[in-house]
Amino acid sequence: MSSYISPIREPLVTGNKTYHQITEDLASPTEKAPGRAWIIGFILAISMLAFGLFCIAWTVWHGIGTWNLNRTIGWGWDITNFVWWIGIGHAGTLISAILLLFRQKWRTGVNRAAEAMTIFAVICAALFPGIHVGRAWVVFYFFPYPNTRGPLWPNFNSPLLWDLFAISTYFTVSLLFWYTGLVPDFATVRDRAKGFRKKIYNFLSFGWTGSAKHWQRWESLSLVLAGIATPLVLSVHTIVSFDFATSVIPGWHTTIFPPYFVAGAIFSGFAMVLTLMIVTRKVLNLQDYITFAHIESMNKVILVTGTIVGVAYLTELFIAWYSGYVYEQFAFFNRALGPYWWSYFGMMFCNVISPQFFWFKKIRRSLFWTFLLSIVINIGMWFERFVIIATTLARDYLPSSWSYYSPTWVEMGIFIGTLGLFFTFFLIFTRVAPVVAIAEVKSILKSAGDQYTGPNAHAHGHGHSHDHSHAVDAGNDLSHNDDANSSTGTILTMEDDLKKLEGIGPKIEKTLKSAGIKTFQQLMGSEIANLQTILDEGDGNFTGNSPESWPQQAKLAFEGKWDELKDLQDRLDGGKY
């Protein structure tokens with residue numbers, strides 16, 4: 001490679017992988033029959049979903065009275081779970097968008113699953129406001145719909161309406177970002193598939209060919225969507241926090257809510273990503289692509305955001321004391337020493353104390369402790385939302401209206417149902433799409449593979465142990481290219497995809513290969529005059545097709561200099577060559 005890579009940097013792809021091995025490892029789970037662990041998990045998830053649907057039907061049929069909401073506590077498990085699911089969905093966009101903009105290579109191992117998690121979590125969150133309205137058939141009142149049947153008009157001053165705009169925008173952008181990343185990998189699966197399955201993936205891949213122009217547009221779109229999604233990470237949970245902060249209720253009416261809601265959402269989102277990826281890594285044998293380096297990096301983010309959340313908790317307590325406002329002081333006194341003291345101390349332990357274990361490198365790199373603490377953190381973040389909602393509402397200004405809230409089996413069943421919905425979606429996702437982004441892992445192999453970097457890197461490991469003609473075959477993968485001769489440095493007899501060069505289409509490629517020019521190396525050594533003769537004598541009208549740049553393009557492709565090749569092709573397209 002042209003740039004120096006520190007041998008100290010820990011590799012992100014282990015197992016001395018070739019490009020073809022990456023395709024095999026990541027695409028094969030979508031092609032093989034599911035294993036026993038997947039089937040058991042799917043049956044369990046479907047069962048939970050079925051119970052949740054029954055509870056939703058029970059609620060719609062009998063009314064919100066089946067919940068244990070009362071005259072004081074109008075928001076219970078439903079809004080608690082709504083905010084919790086929105087928080088879970090935060091990490092996907094953060095990992096995908098912000099880390100992409102900062103060129104963090106470790107995102108490639110976990111971004112695909114994190115993006116999918118975002119989509120599924122937002123769908124689960126959207127269920128709760130829809131049920132909470134009581135009359136589900138008038139749920140369209142959430143939208144800025146001018147009511148022509150009465151005096152009711154949408155209140156644009158309400159943060160509940162802002163929720164609708166923010167979350168729907170967040171969902172739309174996240175869905176586009178997720179699907180954009182999937183297109184090259186869908187094409188890779190398409191090229192390996194047959195029959196009806198091939199037609200499905202051909203439709204999903206939008207005719208992707210892996211040409212330089214396609215890659216250029218793909219990268220541009222990814223950056224544009226990342227730029228749009230980045231402020232959404234901050235705005236969505238900020239607006240969710242306004243549901244509370246814009247009220248005048250002591251314990252809610254505070255300006256610290258927006259930043260600490262955002263930090264808490266990232267905190268819980270990363271914990272859920274770790275929970276999912278540790279299990280997925282084991283079940284699908286992805287240990288070489290989701291490494292301890294990925295897990296440690298994510299644990300560092302959890303440590304930082306968990307510390308921010310802890311500081312926010314302590315700041316709330318200090319401000320309540322310092323303000324001298326007796327109602328605010330009572331709100332926090334009641335949280336810690338009132339009837340819900342168990343949830344408050346559960347929240348403090350799970351969210352403030354448990355992340356501090358990640359200061360120790362052995363725990364950061366331990367699968368057992370990471371998995372355990374990720375679950376503890378998710379429980380703690382649920383406690384946080386419950387403490388904010390239930391304990392604050394349970395003690396109103398009037399002691400005569402004080403009450404205690406505990407959920408009914410219907411409320412708990414709906415929450416269990418959303419967990420079932422989430423895991424059902426995720427398990428289906430692992431069967432229809434690569435859980436780890438094939439194209440993006442290939443893009444970092446030469447700089448993050450263990451044969452190129454780290455203490456076990458080969459002496460020749462800076463870019464010459466593999467055949468470069470397969471450097472970016474993602475989305476146009478030739479499954480028969482197994483790099484069998486790459487370690488010896490010999491020229492592969494396999495054919496290259498000459499259509500990746502600007503000016504060469506299917507017919508010209510066929511003509512060149514009929515003349516014996518089948519690889520980039522053969523094309524780079526050809527004389528321009530000979531190429532022109534082949535075109536003139538070929539079976540087709542190739543008038544206007546100039547081979548002048550083909551040897552240079554082939555040389556760049558053979559050497560694996562795909563960025564320089566794209567730049568050259570852009571100049572050719574613009575007539576600047």
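Modeller: In this predicted model, helix H4 and helix H6 cross in a left-handed sense. Their axes lie 11 Å apart, at an angle of about 60°.

Biologist: Why is H4 called oblique to H6?

Modeller: The angle is about 60°. Roughly parallel requires under 35 degrees, and roughly perpendicular runs from 65 to 115; the pair therefore counts as oblique.

Biologist: Which residues make the contact of H4 with H6?

Modeller: H4 contributes His 90, Thr 93, Ser 96, Ala 97 and Leu 100, while H6 contributes Tyr 170, Ser 174 and Phe 177. By class, four are nonpolar, four are polar and none is charged.

Biologist: What makes H10 roughly parallel to H14?

Modeller: The axes of H10 (residues 292-323) and H14 (residues 367-394) cross at roughly 30° and come within 12 Å. Angles under 35 degrees count as roughly parallel, so H10 is assigned to that class relative to H14. This crossing is left-handed.

Biologist: What classes of residue form the contact of H10 with H14?

Modeller: There are seven nonpolar residues, two polar and one charged. Among those in contact are Phe 292 and Tyr 313 in H10, and Ile 377 and Glu 384 in H14.

Biologist: How do you know that the span of H3 agrees with its 12 residues?

Modeller: At 1.5 Å a residue, helix H3 (residues 77-88) should span 16 Å, and its end C-alpha atoms are 16 Å apart, so the two agree.

Biologist: What makes H3 mostly covered?

Modeller: Buried means under 20% relative accessible area, and 12 of the 12 residues of H3 are buried, including Trp 77, Asp 78 and Trp 84.

Note on methods
Residues are numbered from 1 along each chain as its sequence is written. This is a predicted model: local features need pLDDT of at least 70, side-chain atom pairs count only at pLDDT 80 or more; totals for chains, interfaces and linings use all residues. Side-chain values use heavy atoms; hydrogens and water are left out. Axes are lines fitted to C-alpha atoms, for helices over the stretch in contact, and angles run from 0 to 180 degrees between N-to-C directions. Helices (H or I, at least four residues) and strands (E, at least two) are DSSP runs, numbered from the N terminus. Angles under 35 degrees count as roughly parallel, over 145 as roughly antiparallel, 65 to 115 as roughly perpendicular and the rest as oblique. A crossing is left-handed if the near helix is turned anticlockwise from the far one by less than a right angle, and right-handed if clockwise. Contact means heavy atoms within 4.5 Å. Ala, Val, Leu, Ile, Met, Phe, Trp, Tyr, Cys and Pro count as nonpolar, Asp, Glu, Lys and Arg as charged, and the others, Gly among them, as polar. The expected span of a helix is 1.5 Å times one less than its number of residues. Buried means under 20% relative accessible area, exposed over 50%, partly exposed in between (1.4 Å probe, protein chains only).
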